Amino acid sequence: MQRITLSVPEISCGHCVAAITAALQPLAGVEATEVSIDAKTVTVDGLVERDHIVAAISGAGYEVAGYEVAGYEVAGYEVPDA
Ligand SMILES: [Cu+2]
């Protein structure tokens, strides 16, 4: 399992949550997503390239300010540069 937590400062309301969730759900490898209005973060569980997640969020109109990757347990999966 891989978890990526992304900082998305523009998250402000339920519409943002719905838009970002809808953008991420179709990505192959995404198992679960959580969008926090309070923390202004997007958490993605699954096995999906970080670049694809950033592109999907950007495509929905939100800038990704940073991210953290945690919990790599899959052999051979390349950890992105932080
Ligand atoms: Cu909003």
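## What covers helix α2

Let's start in the middle of this predicted model. An α-helix has 3.6 residues a turn, so residues three or four places apart point the same way.

After α2 comes G61, with a positive phi near 105°.

## The chain as a whole

The chain holds 2 helices and 4 strands, and from the N terminus on the elements follow the order β-α-β-β-α-β. Of the 82 residues in the chain, 18% are buried. Among contacts with a separation of 6 or more, 64% are between residues 24 or more positions apart.

## The sheet

The 4 strands make an open sheet, ordered β2-β3-β1-β4, with antiparallel pairing. At the edges are β2 and β4, each of which pairs on one side only. From one strand to the next, the twist averages 15°. Strands of a sheet pair through backbone hydrogen bonds, either parallel or antiparallel.

Now for the partners of β1. β1 and β3 are joined in the antiparallel sense by 6 bridges, and I4 has V44 as its bridge partner in β3. α2 packs on the sheet, where it touches β1, β3 and β4, and its direction makes about 40° with that of β1. β1 also runs antiparallel to β4, with 5 bridges between them; here R3 has A70 as its bridge partner in β4.

## Helix α1

The buried residues of α1 include I20, A23 and L24. Seen down the axis of α1, the buried residues lie within an arc of 95°, so they line one face of this helix. Turned away from that buried side is a face with the exposed residues G14, H15, A18 and A22. Among the elements covering the buried residues of α1 are β2 (30–36), β3 and α2.

## The nonpolar core

The largest nonpolar core has 14 residues, and L6, V8, I20, L24, V42, I53 and I57 have the most contacts inside it. Two or more residues of this core come from each of β1, α1, β3 and α2.

Not counting residues up to four places away in sequence, V42 touches L6, V8, I20, T33, V35 and I57.

## A tyrosine in a loop

One more residue deserves a visit: Y62, in the loop between α2 and β4. Is Y62 buried or exposed? Y62 is buried, because 21 other C-beta atoms lie within 10 Å, and the cut-off for being buried is 20 or more.

What does Y62 touch, leaving aside its neighbours within four places in sequence? Its contacts are V8, E10, I11, C16, I20 and I57. Y62 and V8 are 54 residues apart along the chain, yet their C-alpha atoms are separated by 6.9 Å.

Methods:
Residues numbered from 1 in each chain as written. Predicted model: local features only at pLDDT ≥ 70, side-chain atom pairs only at ≥ 80, totals over all residues. Pairing = 2+ DSSP bridges. Core = buried A, V, L, I, M, F, W, Y, C linked by C-beta atoms within 7 Å. Buried ≥ 20, exposed ≤ 12 C-beta atoms within 10 Å, placed from the backbone. Contact = placed C-beta atoms within 7 Å. Arc of directions from axis to C-beta. Axes fitted to C-alpha atoms, helices over the stretch in contact; angles between N-to-C directions.
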